[in-house]
Structure formats: structure tokens, C-alpha cells
Amino acid sequence: MSNKRALIGLGIGAVCLYFALRGLHLHEVLTSLAQADYRWMFPAAVAYSVGFLFRTWRWQVLLSPLGAVAGKHLFAFLMIGFLANNLLPLRAGELVRAHLTGTRMRISRSATLATVLVERTCDGLSFAVLFLITTWFLPFPPVLRRSAWILAILCVAAFVVFHR
């Protein structure tokens, strides 16, 4: 049975890889890789990692009213959630993260999901604010500006609803 599953998984992976890579010109990829400035890779990886540490800390603060949860556990659950977001549709990894955290840490899964919603609302609001500030300095199409305003308004409304 496991060999059959493995073959099915490899088949699905091959089909997905085909669709992801079709129309890709190998010469252009190699040229782009040759022209890349790799000095920025390490600082970018460090900044990216520090960002996840800050997300973990923020989530730990949001979860603190529910009980003491070690940051190392939350970091693992956060990473599993982001992995699931890359594999599942509609950001379902957030549900995975809330479920795992609630189950493993023996706290309310619905309360954990609420902290994830608050966290994502804060992310959306900070993105919208930074984008709107950027539009003052750089030209953007009007539809993007309107979209950013709509996102900001929705996030503020969600923030108000979540903090009642």
C-alpha cells in the first residue's frame, strides 16, 4: 500500500512540476543565476529568520492570557503552519497551526485560532499602512491605492471587532 501511495505522490508531484516549469527557458534561468548578487543572500536569510522569531514572540504575547507556552514550541508550530500554507489552499495552514498548538499545549483551540486571527489582522494592517505610505513616494496605479485603502479599512474593522 505504501508503494502505491508513493507512486501516486510522485505522479502528482511530476504533474505539478510540469505545470510549474512549462514555458521556462533554461538558458534565461542560468543567465539570471549568473548575474545574481549573492552577497545579499545571507543578510536576507538572517532578516527573514529574525522576522519569524519576532512573529513567534508576538504570538507568545497574544497567547499569554491562555497560559504559559514556551517560545520554542510556538516557533515549531508557526513553521508547520507556514509550511501548510504553502501546501494547502486558502491559508489553511493557520487552522493547522491553531489546532496543533491547542492540542499539544492543552489550551483552547478556538482561543488559539482567535489569536491567529488577531495576528493576521495586525499583519494585514501593517502591510496596508506601509503600502499607503509608500504610495506617497512612488507612483502606483489607482486600483492598487484603492485596494490598499480597502484592506486597511477591513483590517481596522476586524481589529475593532476582535478587541471588544
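Predicted model: local features only at pLDDT ≥ 70, side-chain atom pairs only at ≥ 80, totals over all residues.
Ring pairs join Tyr-48, Phe-52 and Phe-82 into a cluster. A pair of aromatic rings is described by how far apart the centres lie and by the angle between the planes. The structure holds 5 aromatic pairs. In the pair of Phe-52 and Phe-82, the ring centres are 5.2 Å apart and the planes stand at 75°; because planes over 60 degrees apart count as edge-to-face, this pair is edge-to-face. Phe-52 belongs to helix H3 (residues 41–63) and Phe-82 to helix H4 (residues 71–87), so the pair ties together parts that are 30 residues apart in sequence. Are these two residues, Phe-52 and Phe-82, buried or exposed? Both of them are buried.

A second aromatic pair, that of Phe-127 and Phe-131, is stacked, with 6.2 Å from centre to centre and 20° between the planes. Here both partners lie in helix H6, 4 residues apart, which is about one turn of the helix. The two residues fall into separate classes of accessibility. Phe-131 has a relative accessible area of 15% and is buried, because the buried class covers values under 20%.

Two packed helices are described by the angle between their axes and the distance between the axes. The axes of H4 and H5 come within 7 Å and cross at roughly 150°. H4 and H5 are therefore roughly antiparallel to each other, since angles over 145 degrees are placed in that class. The crossing in which H4 passes H5 is right-handed. On the side of H4, the residues that meet H5 are His-73, Leu-74, Phe-77, Leu-78, Ile-80, Gly-81, Ala-84 and Asn-85. Their counterparts in H5 are Gly-93, Glu-94, Val-96, Arg-97, Leu-100, Thr-101, Arg-104 and Met-105. Sorted by class, the residues of this contact of H4 with H5 comprise 8 nonpolar, 5 polar and 3 charged.

The loop between H4 and H5 contains Leu-90. This residue is not a glycine, yet Leu-90 has a positive phi of about 60°. With a relative accessible area of 86%, Leu-90 is exposed. Beyond H5 comes another loop, between H5 and H6, and Arg-106 lies there. What is the phi of Arg-106? The value is near 55°, which is positive in a residue other than glycine. Arg-106 counts as exposed, at 77% relative accessibility.

Helix H5 (residues 93–105) packs against helix H6 (residues 109–137) at an angle of about 135°, and their axes are 8 Å apart. That angle makes H5 oblique to H6. The crossing of H5 and H6 is right-handed. H5 contributes Glu-94, Leu-95, Arg-97, Ala-98, His-99, Thr-101, Gly-102 and Thr-103 to the contact, while H6 contributes Arg-109, Thr-112, Leu-113, Val-116, Glu-119 and Arg-120. By class, the contact of H5 with H6 has 4 nonpolar, 5 polar and 5 charged residues.

H6 also packs against helix H7 (residues 142–162), at an angle of about 145° and with the axes 8 Å apart. The crossing of H6 and H7 is left-handed. How many nonpolar, polar and charged residues does the contact of H6 with H7 have? The contact has 18 nonpolar, 3 polar and 1 charged residues.

Lys-4 has its place in helix H1 (residues 2–21). At 55% relative accessibility, Lys-4 counts as exposed. Lys-4 and Ala-114 are 110 residues apart along the chain, and their C-alpha atoms are separated by 39 Å.

How values were computed. Residues numbered from 1 in each chain as written. Heavy atoms only, no water. Axes fitted to C-alpha atoms, helices over the stretch in contact; angles between N-to-C directions. Helix = DSSP H or I, 4+ residues; strand = E, 2+ residues; numbered from the N terminus. Parallel < 35°, antiparallel > 145°, perpendicular 65-115°, else oblique. Left-handed = near helix turned anticlockwise from the far one by under 90°. Contact = heavy atoms within 4.5 Å. Nonpolar A, V, L, I, M, F, W, Y, C, P; charged D, E, K, R; others polar. Buried < 20%, exposed > 50% of the residue type's maximum accessible area, 1.4 Å probe, protein only. Phe/Tyr/Trp six-rings, centres within 6.5 Å; stacked < 30°, edge-to-face > 60°.
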